[in-house]
Amino acid sequence: MSLERKDDHDHGGWMKSRDLSPVEKGYLTVLIWLDRRLRIVDYLELMEDLYYKANLQMPKSHTEQYNLDNKFWYWYPLYALGSFSTLAYVVAAISGALLGFYYSPSTAAAGAEGELTVAYASITFIMTELNFGYLLRSLHRWSAQVMVAAVFLHMLRVYFTGAYKEPRELNWILGIVLISLTMVFGYTGYLLPWDQLAFWAGQIGVEMSLSIPLAGEWVAQLIFGGFSLSQSTLQRMYILHVFFLPFITTALIAIHIGIVWMQGIAEPH
Amino acid sequence: MAPSDETDEEVRADGTGIVPPDDETPTWGERKTRSQGLSRLTYEYFERSRREDQDMRMESSYVERDVLGFPTWPHEMIRNLAITSFFVGMMIFLSATLPPHIGPPANPSQTPAVILPDWYLYWSFGLLKLGPLNPDLAILGGSKLMADRTYGVLANVVIVGFIAIVPFLNKGSARRPVEQPFWAAVGVFGVVFSFTIAALSVKNLIPMDPNLLFDLTFLVPPVAGFIAYAVLRTMREGYMFELNRRYYRLRPPK
Ligand code: HEM
């Protein structure tokens, strides 16, 4: 007796009986191979179910229903700002990953003179010697700035259209977490070149966290690695910027957009 | 499975029969009676909400209830996808034409004349400079209740906290600004304040008497909010008239 599982439903025969193009055949082979191992069908069904539930619940909008002629409202283009933020985030993530190949977060002295730090020297290298390095850094900076601007404007659009009201309160609060994360992203990135601006902005950060009642010293040590700026400050900023924040922010953006997908876009008719 | 069942049924080793067939899947009601505690409450609620959905569908007014939203796909996404490459191109153009510069290297022993964060943190930086508003207590001999810096950090928390509870203060459904002039005016106040407080944070760069700047920081936003309110109230009359006229022409009141 063979221990090999029988192809009970004869998927192979079914495929042969159809006149399939090579693309279709390849696609089906991969799909069946994966499905027999991972039960993809179940998950697809689940997602399809979610999709239709989400969309079928939406009644006709007020403007559609009464055929009002103000269907186009001149503020609707501002509804693209949320996805503009996402887009800028993606561009920043890609250019940032590439910058990470050349940057090292170290305050050790670079070269014999002991004037410059390794971090600063690696930025100089990217800007002056690396092919298209200046464009990479420029792209990262600009996409970050654009993202912050877009997120602010997106928040204003949501506010002025009243889109934060029931049932979207959760998404509003999630949005506030996201805008804070975006600004922390910007702040930690601002410190990485370890130039004068970075250093003194870091100094203000330490002072601000020290002035938090009760927990101040603890916060300063956790985030900045001490009460004055040092190697551990730069290293912590780096790990926050390239490890913690990307994971958290990406997950929250996915949830944020998932909720929008489920609830639909608010319509101020 | 009761022992008596086992005798008249053949033992199946192929794995079928483990999962109940669809028509035997218990309903919410059956699950409710079987469970207790929190899971029972959960099933009870599910049953109720199912019934609510059902009732709403049966009622003829279902399609006419307040509009919750329109689908993200395709309404929104089509437009967003269409402008994606334009936006990315814009960012690449900006970065190719305006590359960033590199400042002088960090030097702990030399404090620069101007210390600034990036522009989007100016508002927060400005809130740290509210020292003159920090109340002092006569009992403590005029000494302040909080260090100025602590006061500034607290101001940040208060502002973010206020923004966070907005959905719980202003309820109802989504409205255009002309339909709710008050909250739009609050928004205009907030936007203008974020600019004036940002200007306050860079006061050494602004050619103006710092005291005047400080006063203007708190005077300009309410004025702007008031003007916005007046304008929107005036616009609302005409807007609502138009909307109502069209609405009732299509659906004359019964
Ligand atoms: C990283 C930052 C953010 C990203 C990537 C993001 C992304 C999005 C996207 C793609 C949408 C779909 C509708 C649209 O594009 O306008 C959306 C909707 C929404 N966002 Fe954001 N958002 C962010 C930050 C915020 C902030 C700061 C707030 C408010 C405090 C916020 C509150 C909302 C709300 C309430 C909706 C639903 C609006 C509606 O249904 O009309 N989001 N967001």
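## Surface and burial of chain A

In this predicted model, the accessible surface of chain A comes to about 15000 Å², and carbon and sulfur atoms account for 67% of that area. Of the 269 residues in chain A, 45% count as buried.

Chain A contains eleven helices and two strands, and its elements, read from the N terminus, follow the order α-α-α-α-α-β-β-α-α-α-α-α-α.

## The iron site

The iron atom of the ligand has two protein donors, the NE2 atom of A:His154 and the NE2 atom of A:His256, which lie 2.0 to 2.1 Å from the iron. The site has six donor atoms, with angles of 85 to 179° among them, and its geometry is octahedral. Because A:His154 belongs to helix H7 (residues 133-160) of chain A while A:His256 belongs to helix H11 (residues 231-263) of chain A, the pair ties together parts that are 102 residues apart in sequence.

A:His256 has a relative accessible area of 14%, and therefore counts as buried, given that the cut-off for a buried residue is under 20%.

## A:Gln145 and its contacts with chain B

Helix H7 of chain A also holds A:Gln145. With a relative accessible area of 15%, A:Gln145 is buried, and, once its neighbours within four places in sequence are set aside, the residues in contact with it are B:Asp118 and B:Trp119.

## Helical spans of chain B

According to UniProt, in an unreviewed entry, the feature "transmembrane region" falls at residues 81-99, 151-169, 181-200 and 212-232 of chain B. For residues 181-200 of chain B, the end C-alpha atoms lie 28 Å apart and the span is 100% helix and 0% strand; for residues 212-232 of chain B, the end C-alpha atoms lie 30 Å apart, and that span is likewise 100% helix and 0% strand.

Helix H7 of chain B comprises residues 181-201, 21 residues in total, and its first and last C-alpha atoms are 30 Å apart, close to the 30 Å expected at 1.5 Å a residue. The buried residues of this helix include B:Pro181, B:Trp183, B:Ala184, B:Ala185 and B:Gly187, and also B:Phe193, B:Thr196, B:Ile197, B:Ala198, B:Leu200 and B:Ser201. An α-helix has 3.6 residues a turn, so residues three or four places apart point the same way.

Definitions and conventions: Residues are numbered from 1 along each chain as its sequence is written. Chains are lettered from A and ligands numbered from 1 in the order in which they are written. This is a predicted model: local features need pLDDT of at least 70, side-chain atom pairs count only at pLDDT 80 or more; totals for chains, interfaces and linings use all residues. Side-chain values use heavy atoms; hydrogens and water are left out. Helices (H or I, at least four residues) and strands (E, at least two) are DSSP runs, numbered from the N terminus. The expected span of a helix is 1.5 Å times one less than its number of residues. Buried means under 20% relative accessible area, exposed over 50%, partly exposed in between (1.4 Å probe, protein chains only). Accessible areas come from the Shrake-Rupley method with a 1.4 Å probe; for residues, only the protein chains shown count as cover. Donors are N, O and S atoms within 2.8 Å of the metal (3.2 Å for Na, K and Ca); water is not among the atoms, so sites may look incomplete. Four donors count as tetrahedral if all angles lie between 85 and 135 degrees; four count as square planar and six as octahedral if opposite donors are over 155 degrees apart and all others between 65 and 115; anything else is irregular. Contact means heavy atoms within 4.5 Å. UniProt positions are given in the numbering used here, feature names are shortened, and annotations may be inferred rather than shown by experiment.
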